Amino acid sequence: MNIRIMGIRLDHWLVAILLALMALIAFLNVLSRYIFHFSFAATEEITINLFVWMTIIGIGIAFERGGHLGMVTFFNRFPRRFKKASVLLYSLLAAGLFLVLNLFMIQAIADEITLFQAKSASLGIPVWIYYAGLPLLSVFVFQGIFRDAKNRLSDSRDKEV
Amino acid sequence: MEFVLILALFFVLMFIGAPIGTSLGVSATATIIYFDLGAEMLGVNFASGIASFPLLAIPFFVLAGVILQRAGLAATIAEFFELLVGRMTGGLSIVAVLTCMFWGALSGSGPATTAAVGMILLTPMLRNGYGRAFSGATIANASDLSIIIPPSIAFIIYGNITSVSVGALFVAGIVPGLITGIGTILVAWYISYRRGYKGLKQRGSIQELARAFKKSIWAVMAPVVVLGGIYTGVFTPTEAAVVAVFYSLFVAALIYRSLTWPDLVRILVDAAVTSSVIMFIVVFAGIFTWAASVTGVIDALADLIIRVSPNAVVMILLVNILLFALGMILDAISICYLLMPILIPVLGNFNIDPVYYGVIFISALAIGQATPPVGVNLFTAANLAGCEVDEIAREAIPFVLMDLVVLVLLTLLPALSLYLPIWAGLYTP
């Protein structure tokens with residue numbers, strides 16, 4: 001169920017493009033300030049919000065790769081069935097955690113659109129646009145948590161391509 | 001009551017092997033919701049915990065490191081050091097330490113350094129008769145240096161929590177990093193001498209050395225550009241990080257010609273994921289700390305530390321013991337987030353300089369990275385060397401003892417950390 005563009009997964013494209021954009025904007029900022037003595041520091045706001053979006057997708061891919069840090073000292077000594085129960089429990093909790101974050105974020109977005117209509121400090125972009133990244137991109141987090149749990153429960157790690 | 005819930009949940013989740021970020025996030029969120037501490041802000045706080053300009057240095061430094069690694073720069077540097085000191089007793093182990101120190105000045109993470117240097121030097125070390133566990137232990141311990149030698153992700157995090165200038169912290173880490181590096185070389189040399197690990201036979205001619213130097217000069221310039229920029233106050237650490245990205249890209253694509261477009265996408269993905277692994281912990285540790293401070297557990301613990309410590313030295317010692325204990329179950333970043341909010345009022349109470357303390361704190365954490373059972377560097381090294389973590393941990397003991405001696409030195413002589421940043425005008429205590 002991976003969507004691929006030119007042989008590369010959609011989520012991989014997205015993180016790569018987000019990181020590249022962040023680096024590019026930040027670099028142009030440095031250049032313009034020190035070489036042309038002209039600052040468009042306001043774009044800093046875009047960079048840090050792209051960073052939020054990138055991190056959400058990255059967290060998802062890291063889940064799928066089983067790459068998040070944890071303490072395995074005790075886990076490795078558990079009997080098999082207890083291991084599986086643990087994986088199931090903490091994967092559900094992780095999914096629940098992101099579900100809760102998203103529910104509150106969607107509430108915040110709704111409030112922003114209808115009530116507060118706050119604009120970002122330096123570019124005047126409605127803040128809910130930045131907020132929308134969490135609910136939209138969390139799809140990759142849930143996908144990652146699901147695949148990580150599936151891999152661990154079936155004792156075989158599907159090779160990520 | 002709140003605080004029993006938050007700590008108990010956290011430790012139970014850690015115990016069953018949940019990722020640290022999940023454990024921090026779930027226990028904090030449960031506490032916040034259950035005791036109604038302002039849950040409606042959770043979504044927004046998640047976003048604002050990441051959206052910080054100083055933290056932006058993390059993905060950029062990670063990216064620069066991945067680019068240079070894919071460009072094969074570690075091999076070039078190792079080759080240069082091999083020609084320079086390879087003939088000494090224990091030559092290759094010294095080459096390994098020097099390469100790790102150097103790599104630490106390019107990247108800010110211990111396990112990344114272990115992997116980069118281990119992949120290049122383990123095979124030649126084994127082929128030349130060095131013990132498997134000794135080789136792994138040398139590289140794992142020398143890689144600790146990468147979180148003391150700037151640029152360092154640990155310092156970025158420390159600066160973010162304590163609001164101390166990251167530039168000043170970076171510069172403060174230079175001398176302590178060099179001292180620890182020299183100490184590591186001495187230990188590696190002494191053990192090699194005792195066990196008869198000989199140097200390499202062939203000697204590098206001056207011409208060869210010059211050629212290797214010319215080849216590695218571009219790599220050598222990278223930390224000069226980055227640190228020089230921060231040192232002279234031209235760049236902030238985040239700007240220096242992005243300059244490092246484009247410098248690495250320039251070197252990899254145009255000088256070494258070892259980069260293709262598909263490579264670039266893979267590099268970007270890997271760097272983004274590595275940085276997200278760190279940020280996953282950072283963001284939930286932030287929410288955890290917020291919840292913990294509302295429950296009052298932070299003030300209570302700070303009070304306790306102040307009450308049981310008669311003076312600053314005892315306090316530093318006590319906290320170091322705590323750091324070792326926590327270092328057994330947690331990674332450096334989580335410990336930073338869990339302990340620093342408690343320690344900030346304690347530092348104020350004892351008039352301890354936060355930059356000086358930053359160097360001590362991070363050095364103690366670095367030791368933890370090479371101490372079992374969690375020592376992330378040890379695991380990476382054990383994997384690469386193909387031996388048990390226990391064997392490597394045993395070989396690591398002399399290195400850890402040396403690290404402890406250096407830690408005492410750094411504690412007793414604040415000038416080792418503070419002289420450079422003050423002299424450079426980056427910091428006034």
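## Charges on chain B

Chain B carries 16 positive and 19 negative side chains, and the centres of these two sets sit 22 Å apart. Keep in mind as you read on that this is a predicted model.

In chain A, the charges number 15 positive and 10 negative, with their mean positions 12 Å apart.

## The build of chain B

Chain B is a helical chain: it has 21 helices and zero strands. Its C-alpha atoms occupy a box of roughly 70 × 50 × 45 Å along the principal axes. For 429 residues, a compact globule would have a radius of gyration near 22 Å, and chain B agrees with that, since its own value is 22 Å.

What share of the 429 residues of chain B counts as buried? The figure is 60%. As for contacts in chain B with a separation of 6 or more, 79% of them join residues 24 or more positions apart.

## Two prolines to visit in chain B

Let us stop at two loops. B:Pro310 belongs to the loop that links α15 (297-308) and α16 (312-327) of chain B. Is B:Pro310 buried or exposed? With a relative accessible area of 65%, B:Pro310 lies over the 50% cut-off, so it counts as exposed. If you look for B:Glu79 from there, you will find its C-alpha 51 Å from that of B:Pro310, and the two residues are 231 positions apart in sequence.

B:Pro150 sits in another setting, the loop between α8 (132-143) and α9 (153-162) of chain B. Its relative accessibility is 1%, under the 20% cut-off, so B:Pro150 is buried. Which residues does B:Pro150 touch, leaving aside those up to four places away in sequence? They are B:Gly104, B:Ala105, B:Phe170, B:Gly173, B:Ile174 and B:Leu227. B:Ser163 is 13 residues from B:Pro150 along the chain, and their C-alpha atoms are 18 Å apart.

## The build of chain A

Now for the other chain. Chain A has five helices and two strands. Starting from the N terminus, its elements follow the order β-β-α-α-α-α-α. The radius of gyration of chain A is 20 Å, well over the 15 Å that the globule rule gives for 161 residues, so this chain is more spread out than a compact globule. Along the principal axes, the C-alpha atoms of chain A fill a box of roughly 65 × 40 × 35 Å.

Of the 161 residues in chain A, 43% are buried. Among contacts of chain A with a separation of 6 or more, residues 24 or more positions apart supply 70%. The accessible surface of chain A is about 8,400 Å², and carbon and sulfur atoms hold 71% of it.

## Confidence in chain A

How does the predictor's confidence look along chain A? The mean pLDDT of this chain is 86, and 93% of its residues reach 70 or more. Of the elements in chain A, helix α2 (residues 44-64) has the highest mean pLDDT, 94, while strand β1 (residues 4-5) has the lowest, 82.

One stretch of chain A deserves a careful eye: residues 157-161 have a pLDDT below 50. Beyond near neighbours in sequence, this stretch has 16 contacts in the model.

Conventions. Residues numbered from 1 in each chain as written. Chains lettered and ligands numbered in written order. Predicted model: local features only at pLDDT ≥ 70, side-chain atom pairs only at ≥ 80, totals over all residues. Heavy atoms only, no water. Helix = DSSP H or I, 4+ residues; strand = E, 2+ residues; numbered from the N terminus. Rg over C-alpha atoms; globule rule 2.2 N^0.38 Å. Buried < 20%, exposed > 50% of the residue type's maximum accessible area, 1.4 Å probe, protein only. Contact = heavy atoms within 4.5 Å. Areas by Shrake-Rupley, 256 points an atom, 1.4 Å probe, with all protein chains shown as cover. Lys, Arg positive; Asp, Glu negative; His and termini not counted. Charge placed at Lys NZ, Arg CZ, Asp CG, Glu CD. pLDDT = per-residue confidence, 0-100.
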